[in-house]
Amino acid sequence: MPSVGTLAFDEFGRPVLILKGQDSKKRLFGIEAHKSHILAGKAVADTLKTSLGPRGMDKCMVSPDGDITITNDGATILSMMHVENEIGKLLVQLSKSQDDEIGDGTTGVVVLAGALLEQAEALLDKGIHPIRIADGYELAAKIALDHLEKISETYPLDLKKLDPLINTAMTTLGSKIVNRCQRQMAEIAVNAILNVADMERRDVNFELIKVQGKVGGRLEDTLLVKGVVVDKTFSHPQMPKQVQNAKIAILTCPFEPPKPKTKHKLDITTVEDYNKLREYEKEKFTEMIKSIKDSGANLVICQWGFDDEANHLLLSHELPAVRWVGGPEIELIAIATGGRIVPRFQELTAEKLGFAGRIRELDFGTTGDHMLCIEECKKSNTCTIFVRGGNKMVVEEAKRALHDALCVVRNLVRDNRIVYGGGACEIACAIEVAKEANKIPTIEQYAIRAFADALESVPLALAENSGFSPIKTVSDIKSQQIAQKNPRLGVDCLNKGINDMKSQSVIETLIGKRQQISLATQLVRMILKIDDIRLPGESED
């Protein structure tokens with residue numbers, strides 16, 4: 001029988017059993033560990049590579065419950081993929097951090113990181129130390145970021161001339177499922193951001209933009225509502241379907257008589273007692289409605305429900321009401337209408353009422369579905385994007401696409417410098433980095449040249465996904481960029497016959513592109529510094 005462990009004694013002579021755990025661990029170290037990491041990184045990047053660009057493919061993911069998600073958003077694909085490898089998980093976090101910080105470019109950042117790892121493998125085979133490769137990558141990233149600053153252009157943020165912002169949003173939406181109504185979606189995203197943007201502070205509060213989806217209708221039916229859309233309806237079918245100049249009482253207290261807080265049981269044995277209780281309830285309901293009427297409100301929005309008797313009384317007093325409105329929605333309504341949330345009827349006053357110019361009920365097609373639309377609010381900077389689509393998957397993907405477009409416009413409000421897409425800025429940076437590599441006398445020049453080659457992975461993937469010969473297309477553009485000294489030449493993914501991305505209006509934000517290069521470089525440097533990995537596995541002997 002094999003020994004379980006070793007018996008040892010501490011300083012007081014007490015026996016301690018030291019269990020053997022190392023045998024059940026799998027260990028990779030040295031060049032083997034590096035190769036294993038690079039293989040895992042390349043596998044994840046290759047999965048996403050085909051989703052890059054306007055001609056990129058979508059991925060269909062099925063959850064264990066059988067829910068289907070169809071998307072080409074890098075962060076969504078990676079978050080739903082079952083990745084077991086530790087380095088693969090790092091790439092998932094990389095796309096998530098790009099999504100959290102910038103909101104767009106989640107596929108590109110993983111493709112670039114995968115290309116950097118692939119180039120590092122060739123350098124390791126030449127016998128170059130991983131630390132020298134990591135240092136070379138850092139130098140190259142600095143050269144690339146400096147060059148991006150030089151080739152960037154500043155966009156004037158003119159609120160009367162929105163075309164530049166719309167073109168940038170259209171570039172983001174070009175690779176999404178909504179690209180058949182690309183212009184309309186881009187305009188919705190730009191108008192939503194400008195509606196809530198604080199131009200003095202150059203900041204955007206995303207909390208004020210709500211994206212609501214409803215299955216049915218076409219993508220073209222998507223609209224921007226300057227106000228709040230709530231998936232509720234008036235509590236009684238005979239209440240008016242539209243309220244003009246609504247003064248809204250926003251309540252978080254239940255619309256019912258107070259219950260005595262007692263442990264004792266209340267038995268009603270006679271008809272008189274029952275009638276008394278009924279009269280008491282009616283009196284309390286009438287008091288509540290009177291307090292609402294006295295405050296000047298002509299609409300009630302309640303977080304809790306109310307029974308049929310209260311509903312009937314509200315109808316007979318001509319007081320439209322909405323019940324079961326959720327917490328986040330009630331807060332958004334309060335922000336939009338400038339009202340205060342009232343927790344007790346006694347605290348309801350005219351100053352705490354919210355105001356909206358119009359509240360109307362939206363109905364959809366032949367179904368009995370209704371939603372409430374609260375418009376012309378007192379603080380009209382709150383807005384809702386109401387997304388329609390043929391099925392749930394289309395609506396969800398349209399929501400993700402609009403999120404990316406909103407983030408890009410938000411980034412332009414923060415920093416209005418842009419570079420040109422279609423792989424143009426990556427090729428320009430690759431040319432500059434390769435040129436600078438010749439001036440460096442140390443061994444890092446190999447890593448810097450490899451970084452330049454890795455930068456070309458994005459235009460190569462774009463060309464491949466568009467059905468062109470990747471190497472020929474990119475080498476042609478590269479030679480044209482050098483000959484014409486024009487950093488705006490990129491891959492013509494849309495078959496328009498011209499490579500100048502400025503005339504094609506393919507625009508990306510400088511802040512997003514900078515973040516892509518710096519995040520991918522940071523992660524690859526970290527992976528290259530790992531030379532020993534221990535993980536649970538079979539015993540080695």
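Buried means under 20% relative accessible area, exposed means over 50%, and partly exposed lies in between, with a 1.4 Å probe and protein chains only.

**Entry 1: ground rules**

I recorded that this is a predicted model, in which local features need pLDDT of at least 70, side-chain atom pairs count only at pLDDT 80 or more, and totals for chains, interfaces and linings use all residues. I also noted that residues are numbered from 1 along each chain as its sequence is written, and that side-chain values use heavy atoms, with hydrogens and water left out. Helices (H or I, at least four residues) and strands (E, at least two) are DSSP runs, numbered from the N terminus.

**Entry 2: helix H6**

I looked up which residues of H6 are buried. They are Pro164, Leu165, Ile166, Asn167, Thr168, Ala169, Met170, Thr172 and Leu173. Nine of the eleven residues of helix H6 (residues 163–173) are thus buried, so the helix is largely enclosed by the rest of the structure. I then looked up what these residues pack against, taking contact as heavy atoms within 4.5 Å. The buried residues of H6 pack against H7, helix H11 (392–414) and S20.

**Entry 3: the sheet that contains S20**

I followed S20 into its sheet. Two strands pair if DSSP finds at least two bridges between them. Three strands, in the order S6-S19-S20, form an open sheet with antiparallel pairing. Its edge strands, each pairing on one side only, are strand S6 (153–154) and strand S20 (507–509). Strand S19 (residues 417–420) is joined to S20 by three bridges in the antiparallel sense. In this pairing I found valine 419 opposite glutamate 508 of S20. Helix H17 (residues 510–528) packs on the sheet and touches S19 and S20, and its direction makes about 70° with that of S20. For such angles, axes are lines fitted to C-alpha atoms, for helices over the stretch in contact, and the angles run from 0 to 180 degrees between N-to-C directions.

**Entry 4: H5 with H17**

I next looked up the partner that H17 has in H5. Their axes come within 9 Å and cross at roughly 175°. That makes H5 roughly antiparallel to H17. I noted the classes: under 35 degrees is roughly parallel, over 145 roughly antiparallel, 65 to 115 roughly perpendicular, and the rest oblique. The contact includes Ile133, Tyr137 and Leu148 of H5, and Ile517, Val524 and Leu528 of H17. The contact residues divide into twelve nonpolar, two polar and six charged. Here Ala, Val, Leu, Ile, Met, Phe, Trp, Tyr, Cys and Pro count as nonpolar, Asp, Glu, Lys and Arg as charged, and the others, Gly among them, as polar.

**Entry 5: H5 with H12**

Helix H5 (residues 130–151) also packs with helix H12 (residues 424–437), at an angle of about 125° and with axes 9 Å apart. H5 and H12 are therefore oblique to each other. From H5, Ala140, Ile143, Ala144, His147, Leu148 and Ile151 meet Cys425, Ala428, Cys429, Glu432, Val433 and Glu436 of H12. I counted these contact residues by class as nine nonpolar, one polar and two charged.

I returned to H7. Another open sheet has three strands in the order S9-S18-S10, with mixed pairing. The edge strands are strand S9 (209–215) and strand S10 (223–225). The twist averages 25° from one strand to the next. S9 pairs with strand S18 (residues 383–389) in the parallel sense over seven bridges. Valine 215 has glycine 389 in S18 as its bridge partner. Helix H7 (residues 182–196) lies across S9, S10 and S18, and runs at about 160° to S18.

**Entry 6: two loop residues**

Glycine 103 lies in the loop between helix H3 (86–101) and helix H4 (106–125). Not counting residues up to four places away in sequence, glycine 103 touches Gln98, His403, Asp404 and Cys407.

Asparagine 486 lies in the loop between helix H15 (470–484) and helix H16 (501–504). Asparagine 486 is buried as well, with a relative accessible area of 10%. Leaving aside neighbours within four places in sequence, I found asparagine 486 in contact with Gln481 and Asp500.
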